[in-house]
Amino acid sequence: MITQVQSNSLVGQTVRMRQHPLRFVVVILLLVWIAYSASGFRHPLTPILHSDSYEGAVIRQALFSAAALSSFALMFLTRNIGSTLTMNRSMLLLSIIVPASIIWSTETILSVKRAILFLFALITLYAVVHASQRPVNLMLKIITCSASVIALISLLIHFAFGQAYTVNPVRAGLAGITSHPNTLAAIMSIALICSLGIHTNTIRGTIALRVAQALMSLSLILAQSITTLMATFIAIGIYSLLVCNSYKRGILQMLIITGFITCSIVGWNNIKSTAFDVSGRDESLSGRDEVWKIVLVEGLKKPVFGSGYGAFWTEGKGRQLVHTWNPRQSHNAYLDLWLDLGIVGLGAMLFAFPGTLYMRWSAVKGKPGTRQRRAMAALYALSISYMLTYAMAQSYFLRFDTFPFMSLCWSIILIGNTDHNRIENEFNEA
């Protein structure tokens, strides 16, 4: 009885967040945040230049601070600071370990700055989720619409003004309004997966959705990112398994098993070599294997707690380690998380992300054929695919200035949401 009263009290408080006009400011700042993560506010008609220097730190700090201040003000004015934090327990352990790593960080000041930005971004996502009547629908539409605009602008500039503005001189493939094709590819891939969970009620809405998907698909293909394409295909496969009925699911499972057996007979090394030859890429994954060997030795120096959040990859660290070029990450999300927070951080991440997905599926999955099942299939496909595949070739965990982690964390917060606007109530289709 006491638990029920406390629950109703929290619900009553968060309802006020969904009625306060400041919630629109938070959403607008989130859109600006997405624009920054895509372009870094680079003018679209400025040629893309290759540079080793870090840029946009001041803008990033100002943007995250403004978003967090608005979110905190929204929670404070509606008396929701405590209730919001209480209902987001899945991220609690990480939100403690990240700032706590300042204690043992090898770059204390750098860890302090990055930990503050991490917490600022987390607060913003909490506010966006709890201040919306339909938070899942809001996320899917924001990501899909934002990415379709990015795709449209990128394609128009690419074909109208030439490749100087849309192609990185050291990496082939469409970069568009971003500075690197891998950045554009991830945005297009994530939005394409999210768009699968959107339901439209009108013919006009369906046409608009198909046009957006076509623009994102074309941009994704032109970006020529093998890692992202693989993540997209796997996500679509997971989505198909989750939304279809038991009979079709059985057929898909048989096809997957058959394909796995065939690949085992042919030989995984032969398939890998053929894939790299066809794509024109080297089997060293652009030097990733060499970086992995070096940073693995570095990580073993502090395997339990790591070097501190954001403390390993300092300015010029990549060139000091590799000598031939200047990587800014190990291109493996799990390896970089281990470098920063050690085994403790890896455990917290596994609890917050895969743990939430596993524990919440039975409660949020919905019935086959419903809007809820399609939306959940999209979020689960995105999360699982990007943790299994994309994370093995790109480092993005805990980095809210990157589109993949922002989308992944947003998905996990939605799935773990226990507020009155939780998934079960949002898609109440009775």
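Among contacts in the protein chain (heavy atoms within 4.5 Å) between residues at least 6 apart in sequence, 77% join residues at least 24 apart. The model is a predicted one, in which local features need pLDDT of at least 70 and side-chain atom pairs count only at pLDDT 80 or more, while totals for chains, interfaces and linings use all residues. Residues are numbered from 1 along each chain as its sequence is written, and side-chain values use heavy atoms, with hydrogens and water left out.

The chain has 19 helices and 2 strands, taken as DSSP runs numbered from the N terminus (helices H or I, at least four residues; strands E, at least two). Of its 430 residues, 48% count as buried, that is, under 20% relative accessible area with a 1.4 Å probe, protein chains only.

A welcome landmark is the set of aromatic pairs, 14 in the structure; rings of Phe, Tyr and Trp (its six-membered ring) pair if their centres lie within 6.5 Å, with planes under 30 degrees apart counted as stacked, over 60 as edge-to-face and the rest as tilted. One of them, Phe118 with Phe400, is tilted, at 5.3 Å centre to centre and 50° between the planes. Phe118 belongs to helix α6 (residues 108–130) and Phe400 to the loop between α17 (371–388) and α18 (403–415), so this pair ties together parts 282 residues apart in sequence. Phe118 is buried at 1% relative accessibility, and Phe400 is buried at 3%. Phe400 also pairs edge-to-face with Phe405, at 4.8 Å centre to centre and 70° between the planes.

Notes
Buried < 20%, exposed > 50% of the residue type's maximum accessible area, 1.4 Å probe, protein only.
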